[in-house]
Amino acid sequence: RGAGQPWAVSSLAQAAGLAVLSSEEERSAYLEATVRHISRERARMEKEMKNLGFPVVPGAANYILFQAPPELGALLLAKGFALRDCSDYRGLCAEQSVFYRAAVKGTEENRLLLQAMKECVGWQ
């Protein structure tokens, strides 16, 4: 496990995924729906994070890179949410704040994360 890829997908899981999406049309439709979902959710999350006072780095990936106080990671972890602390990324140094990376997930998961973030900064 320690030497493997952190997001590895087994060949059996890959075969199952391809079987479920057996036609090129199904794969294409799934990809388009996924891209639309991530784009919509990302925009909503960015807006909410900015409203909370967190600077957001522009992007189009399935995660959001943003700055927040160093204690946010621990506060969210206590609520059951894990952010990727990016302070070990080269060039992402900030005084009195930390760069975090949050995944864009399902609508409900994103809503719960944003609610927890509001609670952590005192917005109920």
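What share of the contacts in the protein chain with a separation of 6 or more is accounted for by residues 24 or more positions apart? Such residues account for 58% of these contacts, a contact being defined by heavy atoms within 4.5 Å. The structure is a predicted model, in which local features need pLDDT of at least 70 and side-chain atom pairs count only at pLDDT 80 or more, whereas totals for chains, interfaces and linings use all residues. Residues are numbered from 1 along each chain as its sequence is written, and side-chain values use heavy atoms, with hydrogens and water left out.

The protein chain contains 4 helices and 4 strands, taken as DSSP runs numbered from the N terminus (helices: H or I, at least four residues; strands: E, at least two). Along the sequence these elements follow the pattern α-α-β-β-α-β-β-α. The C-alpha trace spans about 50 × 35 × 30 Å along its principal axes. Of the 124 residues, 26% count as buried; the term buried denotes under 20% relative accessible area, exposed over 50%, and partly exposed the range in between (1.4 Å probe, protein chains only).

Two strand pairings were identified, with pairing requiring that DSSP find at least two bridges between the strands. Strand 2 and strand 4 pair in the antiparallel sense over 6 bridges, and Phe 66 stands opposite Tyr 100 in strand 4. Strand 4 also pairs with strand 3 (residues 84-85), again in the antiparallel sense, over 2 bridges. In this pairing, Arg 84 stands opposite Arg 101 of strand 4.

The largest nonpolar core comprises 21 residues, of which Met 49, Phe 54, Phe 66, Leu 72, Leu 76 and Met 117 touch the most other members. A nonpolar core is here a set of buried Ala, Val, Leu, Ile, Met, Phe, Trp, Tyr and Cys residues joined through side-chain atoms within 4.5 Å. At least two residues of this core are supplied by each of helix 2 (24-51), strand 2 (63-68), helix 3, strand 4 (98-103) and helix 4 (107-120). Helix 4 provides the largest share, 5 residues. When neighbours within four places in sequence are left aside, Met 117 is in contact with Met 49, Leu 52, Phe 54, Phe 66, Leu 72 and Leu 76.

Ala 74 is placed in helix 3 (residues 72-78) and counts as exposed because its relative accessibility is 53%. The C-alpha atoms of Ala 74 and Cys 120 are 10.0 Å apart in space, while the two residues are 46 apart in sequence.

Side chains of opposite charge can pair when their charged atoms come close. A search of the whole structure finds 6 salt bridges, each defined by a side-chain nitrogen of Lys or Arg within 4 Å of a carboxyl oxygen of Asp or Glu. One of them joins the side chains of Arg 42 and Glu 46 (2.9 Å, N to O). These residues are separated by about one helical turn, because they are 4 residues apart in helix 2, and both are buried. Another salt bridge joins Lys 118 and Glu 48 (3.2 Å, N to O). Lys 118 lies in helix 4 and Glu 48 in helix 2, so this pair ties together parts that are 70 residues apart in sequence. Lys 118 counts as partly exposed at 21% relative accessibility, and Glu 48 is partly exposed with a relative accessible area of 21%. A further salt bridge is formed by Glu 108 and Arg 111 (2.7 Å, N to O). Being 3 residues apart in helix 4, Glu 108 and Arg 111 are separated by about one helical turn. Glu 108 is partly exposed, with a relative accessible area of 44%, as is Arg 111, with 40%.

Helix 2 also contains Glu 41, which counts as buried at 3% relative accessibility. Residues up to four places away in sequence not being counted, Glu 41 touches Val 104, Lys 105, Gly 106, Thr 107 and Asn 110.
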